Amino acid sequence: MAQTIPLGLQTQPAEQSASVSRESAVPWFVWSGVLAVTSIAFGLYWDISWHMTIGRDTFWTPAHLAIQFGGILAAITCIVLIFSTTFSDNPALQSASVRIWGFRGPLGAFLTAWGGVTMVTSTPFDNWWHNSFGLDVQILSPPHVVLGLGIWGVGVGCLLLLLARKNRATGAAGQKLDRLFLYLASLLVLLHMILISEYSDASLMHSAIFYRAVAIGTPTLLIAYGRASGHKWGATIIATIYMALMLAAMWIFPIFPAHPKLGPVYTNVTHMVPMGFPVLLIVPAFFLDLVMNRFVSRGKWFLSVVSGSAFVAALIAVQWPFGIFMISPAARNWLFGQIYFPYQMPPSMYQLAYQFQVFESTRSAFWLSLGIALVASILSARVGLAFGDWLTRIRR
Amino acid sequence: MNRSIVIVFFMLLGAPCLAHVGSPDVYFQGDAGPYHLTVMVRTPQMIPGVAEIEVRTDAPGVHQVKIVPLYIVGTGSKYPPPPDVLLPSKDDPQYFTGKLWLMASGSWQVRIEADGDRGAGTLAVPVPAFARSTLPMQKGLGALLSGLMILLVLAIVSIFGAARREGQLEPGQPSGPSQKRAARTAMAIALAIVLGLLSLGGWWWKVAAAERAQQMIYKPPQLLASLLPGGKMLLRVGESAWHTRRPEAVSTKLIPDHGHLMHLFLIRVPQMDRFYHLHPAEDKGGVFLDDLPAISAGHYQIFADIVRESGFPDTLVAEIDIPEIPGQPLAGDDSAAIAPALLPDAPGNVDFLLPDGAHMVWERQPGQLRANQLLWFRFQVQDAAGKTATDLEPYMGMAGHAEFVRSDLSVFAHVHPDGSASMAAVELAQASLPGRSSAPTASAGNSMPGMDMGGTRASSQLSGVAFPYGFPKPGLYRIFVQVKRKGYVETGVFDTWAN
């Protein structure tokens, strides 16, 4: 905001005016950050689809290039930001920065740079893992988690870059930044949901592991980003965008023809195989917003207990019956995506997609796991509240 | 079913395995239509992994060689992926090389499509694929990752500190003592959390790595050997979770390999001066019985070759102490040999005196034999007068059999003139080629003149036999070479060093 130019600065009127102008526009690095995270998220989805369809993987697949482009774009953005801030004599630039190891720059730039280095670190680690344990298409492996942390760093870093600006902005720029924030936050939710997708399949919707996987962390993101968005229905909007993006990908990817390039080929796929139908996050996110709006004046722990419980309850209420539908013949079409199978899957195993897996072997294990999901959801909600409040206070 | 789970599931199914002991690479020769090819497949240490393929044509005129991997049997054999083109050597137009992903464990075939002046032809080479071991992290890489980890930990802690100290201040507002104090607290908490997460991650890494290794690494089934009264040997083949997890790509059911469900080799150790090649009969599922021939007392190493119905071979290993057994006379395809003790500093030999006064001569090329290279092992039989014998007969359908054994027993390979692949797998693979009969025909196109089975072009000289093979590592080896003459199996024994 123009009026937040510090009193202590000996800023000339012309500089103030320029600063006001800059503060009122969406800066280039925000656009750059949004583009970088978009490219990473799209590349990641594409890469997973690539593994299910084509199989053959090199450093130079288009999907990898999209991820790398996002990482490089974010890195260049941050390098320029940090160096231009550190070595600039523009006091407005320096005054809106933090200092780390002698360098100055926006907080988000440092976190994004950290994420970029972490992504780079995951590459030799992942390469060794592949050589040692075989090329894997496992999402949750130690090197992939390092990569995920790197992507998280880049994503949240870009979000902080945007937020610092948004929290100081007003007017048209503020509205534009609001919309960009909701979109960027939905991408981060999408990345999180991809990370847990091994446990969020329709065949697991009658197992507690499904609810436990979604309850750990997802309320944190929805509450925090919803709160930071400043929008009354922030979490619902973010969940809606997440679902829309996933559905669009599920409907668009199969349009493109492709064939496996690695054996053994069990299913002779002829098009890109998409990921499955998204989790119906819109419903529990709506209840999160409802609780936050209804009990706005109550304490944080009260809010956490109510919203965390509401999240799990709404998730079960909607996913349990939806699971029955998803394994039924009615879902075996392009609309719900229950007709897509990776080339590694023999037709004799398609039936597994149309029945519920028994993940917990006993009833007590099921209830214990569901109890863990409830506790995790409450704690995640509490972390989300704290994180969200912190995000709303970010200024640099 | 979650697609990612499915992928992981099949990735786990996908670790390949192989017969022989310590000799995972495949050496093979055969005809792709009008072209005779010699093939070497270096299998990867871990599956999924990249195999290296080398193909040499006997004669010029081949313009392009393409390779396709697929399973020998089952659903995975129905849809071949697009072929890869091998690169011709710039110096040698008859030599082609390339790489191939083997995505899963199991009984693979590499289809080699040769195209040239005389048209096109296809050869199927069986390649048992299996994960052998995980790779330890190299010190340099470990140091690099450790350094990066320390840097990243310090950086994220500093970021947390900066976030707390200045992140929420309005632009230009200096941080005061309270912010600095809070920043220090935030950094301490962040460091504790990060170290906790790292410990948790380290534990998960160990568990995940151990689980993957346990699921991926090939383990041959256990073989329990015991002696029964009356000079009988009982062999019990154990269960293997590695095999049962791969019902189609590996399978557990056995098929005969040139007429026998099991080829049993007894070698008296450590001197390797007694050698028996026997063929126990299956008594009931997984239990074999053999009426032992006359056997000298001693401690014996057992190698037992079996082939699964997928074409996947296993070599089972055991040890047993055997007393002097008068035993039965050798019968059927059973054979035995007596040789001088293998000495640790054995100079090597190229001439072996056979019991009937004839000699078996190794036509060894001068110079050192290098490990991990395709070598041709050619042998002749000369009668007592030194005249080359031309009366070799097929022995179990083959022109000959050769067993390569390293002095420390870490390598055992049962090789035929067609190469190191099991003949049962060869038959299955050839039968799976488009347009071929599903009924297996042994060594199709490679039969010795006048023989129903076996033999190769190189071995079709009735006076000798040749084997394509490569030593998997340097060391002292003893080679048992078996041919049949006048109804008797004769075994030549040769020692050599590989560098």
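In the predicted model, the buried residues of helix α10(A) are G234(A), A235(A), T236(A), I238(A), A239(A), Y242(A), M243(A), M246(A), L247(A), A249(A) and M250(A), buried meaning under 20% relative accessible area (1.4 Å probe, protein chains only). Helices (H or I, at least four residues) and strands (E, at least two) are DSSP runs, numbered from the N terminus. These buried residues pack against α2 (28-53), α7 (171-195), α9 (218-229) and α11 (282-294) of chain A. Helix α10 (residues 234-252) of chain A has 19 residues and should span 27 Å at 1.5 Å a residue, which agrees with the 27 Å between its end C-alpha atoms; the expected span is 1.5 Å times one less than the number of residues.

Between the chains, 61 residues of chain B are in contact with 73 residues of chain A (heavy atoms within 4.5 Å). The rule finds three salt bridges across this interface, each a side-chain nitrogen of Lys or Arg within 4 Å of a carboxyl oxygen of Asp or Glu. In one of them, E170(B) is joined to R395(A), with the closest N and O atoms 3.0 Å apart. On the side of chain B that touches chain A, α1 (3-13), β4 (62-71), α2 (139-165) and α3 (177-216) of chain B each supply at least two residues. The most come from α2(B), with 13 residues.

Residues are numbered from 1 along each chain as its sequence is written, and chains are lettered from A in the order in which they are written. Local features need pLDDT of at least 70, side-chain atom pairs count only at pLDDT 80 or more, and totals for chains, interfaces and linings use all residues, while side-chain values use heavy atoms, without hydrogens and water.

Note on methods:
Buried means under 20% relative accessible area, exposed over 50%, partly exposed in between (1.4 Å probe, protein chains only).
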